[in-house]
Amino acid sequence: MTSQGTFMRTEIKYLLTTRQKEKVLEAMAPYMRMDCYGKSSIRNVYYDTDRFHLIRNSLEKPVYKEKLRIRSYGRAGQEDPVYVELKKKYRSVVYKRRVCLPQREAFFTMEPGNPFRQSCQVSREIAYFRDFYVNLHPAVFLSYEREAYYSLDGSPFRVTWDDRILFRREELTLDSDAWGEELLAPDTVLMEIKTPGAIPLWMVRCLTENRIYSASFSKYGRAYTQMMTKQGKGRICDV
């Protein structure tokens, strides 16, 4: 089983209280519905170098940045399908390329020098990225509970809500339980607006009326910063 996909869109993030979430959901009700996945538990294993080059570079807010991860929707067995994803961001536009493989094969494929079973443009791009960085390996497990909504007018406008965002540096597989340190403060939820174009006027009005403002928030970046703080490092570049 191998499939591929490419996505391009703008992603805008907001940190909300649960009360603000209720207000936004009220505004969304006439325009959006929960998608076919409904509520899901998303699990990721992020790849990085020994010195965390990828996330350190990302936190410096360059014009272009990139991340590599293996993702599953729910707990995945060794033969269950997961996604190897290369996520790139240029300015505010996100480009995501991914291939679907059984978990066992996905992790095997990400080891240096191992080939993808089926060659395609996306797999070749991921393999090039994997081989470009020295000592790229599983670095952090990160999971969260997600609610995803789609637009009733058929447009690609989407809204997702993430909470119980957890991370750890042990047991870096997708067939284990979701456990780890919390990233969000109590009574806080992460909302992401995903769109290839403008935000609908009704949503702009809702955000303005409820004083909801965009925030710079990277789950992996926040996990890394929290790890470094816990280790007592004064600066990120000390790693």
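Modeller: Gladly. Keep in mind that this model is predicted. We begin with a pair of helices. Helix H1 covers residues 18–28 and helix H5 covers residues 201–209.

Colleague: How are two packed helices described?

Modeller: By the angle between their axes and the distance between the axes. Here H1 and H5 pack at an angle of about 155 degrees. Their axes are 10 Å apart.

Colleague: Why is H1 called roughly antiparallel to H5?

Modeller: The cut-off is over 145 degrees. The angle between H1 and H5 is about 155 degrees, so H1 is roughly antiparallel to H5. The crossing of H1 past H5 is right-handed.

Colleague: Which residues make the contact of H1 with H5?

Modeller: H1 brings Lys23, Val24, Ala27 and Met28. H5 brings Trp202, Met203 and Cys206.

Colleague: Let us move to H6. What span does H6 reach from its first C-alpha to its last?

Modeller: H6 takes in residues 219–230, 12 residues in total. It reaches 16 Å, close to the 16 Å expected at 1.5 Å a residue.

Colleague: What should I know about the way residues point in a helix?

Modeller: An α-helix has 3.6 residues a turn, so residues three or four places apart point the same way. In H6, the buried residues are Lys219, Tyr220, Gly221, Ala223, Tyr224, Met227 and Met228.

Colleague: What covers the buried residues of H6?

Modeller: Among the covering elements are helix H2 (53–59) and strands S2 (32–48), S6 (137–151), S7 (158–168) and S9 (188–195). After H6 comes Gly232, with a positive phi near 80 degrees.

Colleague: What does Val84 touch, leaving out residues up to four places away in sequence?

Modeller: Its contacts include Leu68, Ile70, Val99, Leu101, Met110 and Ile126. Arginines are among them too: Arg69, Arg97 and Arg98. Val84 and Phe107 are 23 residues apart in sequence, and 8.7 Å apart C-alpha to C-alpha.

Notes. Residues are numbered from 1 along each chain as its sequence is written. This is a predicted model: local features need pLDDT of at least 70, side-chain atom pairs count only at pLDDT 80 or more; totals for chains, interfaces and linings use all residues. Side-chain values use heavy atoms; hydrogens and water are left out. Axes are lines fitted to C-alpha atoms, for helices over the stretch in contact, and angles run from 0 to 180 degrees between N-to-C directions. Helices (H or I, at least four residues) and strands (E, at least two) are DSSP runs, numbered from the N terminus. Angles under 35 degrees count as roughly parallel, over 145 as roughly antiparallel, 65 to 115 as roughly perpendicular and the rest as oblique. A crossing is left-handed if the near helix is turned anticlockwise from the far one by less than a right angle, and right-handed if clockwise. Contact means heavy atoms within 4.5 Å. The expected span of a helix is 1.5 Å times one less than its number of residues. Buried means under 20% relative accessible area, exposed over 50%, partly exposed in between (1.4 Å probe, protein chains only).
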